[in-house]
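This report goes through a protein model by its packing, its salt bridges and its backbone. Please have the sequence and the coordinates open alongside the text.

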Amino acid sequence: MKYRIEWKYQPKGNEKVQFTSDWISGELALQTGEELDKSGRVSELTYYDEMGTSWTLKEMKKLTVEIEEDPHEVTVYFDGGFHKETNHAGLGAVIFFRQGKKKYRIRANEHIDQMDTNNEAEYAAFFYTLNILEDLGVHHLPCEFKGDSQVVLKQLEGEWPCYEENLNRWLDRIEEKIKSLGIQPRYTAISRNENKEADKLATQALEGKEIFAKTQIL
């Protein structure tokens, strides 16, 4: 989660001046706010998070302690592979997140059947990542979702219409899950080369190789 700070500064012999920071990490935001407060020239110091919630300095101190062990700064890569001959799909997910002072990566996949198209496999892969996030305890956070299916991402954003009833059902399920988790999604289209790790996991799922691994990134 990123935070923005707004405060009023009292120069000597002049009227107060309003300042606003860039979006910065929680740790830097707290440090900056504490140093501004110690200057004795700052008033009305307020934090704003990416979800639109405001915090005082005292509340921010308490918040950083509470979220220290919760997953945050979440980035998700997803991909779906499809075998037209068998109507089977492989779902691949790579999830990066921070927890405490450490950064982790999860690599996971799943094999499912009764798929109709590659686009449906992509939707199923996206929904699969949401289930992993739910199991991790991710909630009420901005999350970035990256994939190489522009059709799926544009439809999720609402920029492109979806006329297929089956895909609309996936859209409804995804939107309901996002709402229940309080996630603020950001969608980023990437090339297949940039998504090769999730693609490989999807392929391995189709080959019957199940993977779920959590690794600390040094």
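The model is predicted: local features need pLDDT of at least 70, side-chain atom pairs count only at pLDDT 80 or more, and totals for chains, interfaces and linings use all residues. Residues are numbered from 1 along each chain as its sequence is written, and side-chain values use heavy atoms, with hydrogens and water left out.

**Nonpolar cores**

A nonpolar core is a set of buried Ala, Val, Leu, Ile, Met, Phe, Trp, Tyr and Cys residues joined through side-chain atoms within 4.5 Å. Buried means under 20% relative accessible area, exposed over 50%, and partly exposed in between (1.4 Å probe, protein chains only). In soluble globular proteins, nonpolar side chains tend to be buried together. The largest core here has 54 residues, and those with the most contacts inside it are Phe 126, Leu 133, Phe 145 and Ile 183. Helix H3 gives the most to this core, with 10 residues. A second, separate core has 6 residues, among them Tyr 77, Ile 190, Leu 201 and Ile 211.

Contact means heavy atoms within 4.5 Å. Leaving out residues up to four places away in sequence, Leu 133 touches Val 74, Val 76, Ile 95, Val 138, Phe 145 and Ile 183.

**Helix H4**

Helices (H or I, at least four residues) and strands (E, at least two) are DSSP runs numbered from the N terminus. H4 spans residues 150–157, and its buried residues are Val 152, Leu 153, Gln 155 and Leu 156. Seen down the helix axis, these buried residues fall within an arc of 165°, so they line one face of H4. The arc is that of the directions from the helix axis to the C-beta atoms. The cover over the buried residues of H4 includes strands S6 (72–83), S9 (142–147) and S10 (184–189), along with helices H3 (118–136) and H5 (165–181).

Val 94 belongs to strand S7 (residues 88–99). Its relative accessible area is 1%, so Val 94 is buried. Not counting residues up to four places away in sequence, Val 94 touches Thr 75, Val 76, Tyr 77, Arg 105, Ile 106, Glu 197, Ala 198 and Leu 201. Val 94 and Tyr 77 are 17 residues apart along the chain, with their C-alpha atoms separated by 5.0 Å.

Phe 82 lies in strand S6. Its contacts, leaving aside neighbours within four places in sequence, include Asn 87, His 88, Met 115, Asn 118, Ala 121 and Leu 206. The C-alpha atoms of Phe 82 and Glu 120, 38 residues apart along the chain, are separated by 8.8 Å.

**Surface patch**

Tyr 9, Val 17 and Phe 19 make a nonpolar surface patch of about 220 Å². Such patches are made of residues with over 30% relative accessible area and no salt bridge, with nonpolar side chains (Val, Leu, Ile, Met, Phe, Trp, Tyr) joined within 5 Å. Areas come from the Shrake-Rupley method with a 1.4 Å probe. Val 17 lies in strand S2 (residues 17–20), and at 34% relative accessibility it counts as partly exposed.

**Salt bridges**

A salt bridge is a side-chain nitrogen of Lys or Arg within 4 Å of a carboxyl oxygen of Asp or Glu. By this rule the count is 13.

| Pair | Closest N and O atoms |
|---|---|
| Glu 197 and Arg 105 | 3.2 Å |
| Glu 159 and Lys 154 | 3.2 Å |
| Lys 209 and Glu 207 | 3.7 Å |

Salt bridges that share partners join Arg 105, Arg 107 and Glu 197 into one network. Glu 197 forms a salt bridge with Arg 105. Glu 197 lies in helix H6 (residues 196–206) and Arg 105 in strand S8 (residues 102–112), so this pair ties together parts that are 92 residues apart in sequence. Glu 197 is partly exposed at 27% relative accessibility, and Arg 105 is partly exposed at 25%. Lys 209 is also partly exposed, with a relative accessible area of 46%.

**Positive phi values**

Asn 87 counts as partly exposed at 29% relative accessibility. His 140 has a positive phi near 50° and sits in the loop between H3 and S9.

Note on methods. Patch = residues over 30% accessible without salt bridge, like charges linked within 9 Å, V, L, I, M, F, W, Y side chains within 5 Å.
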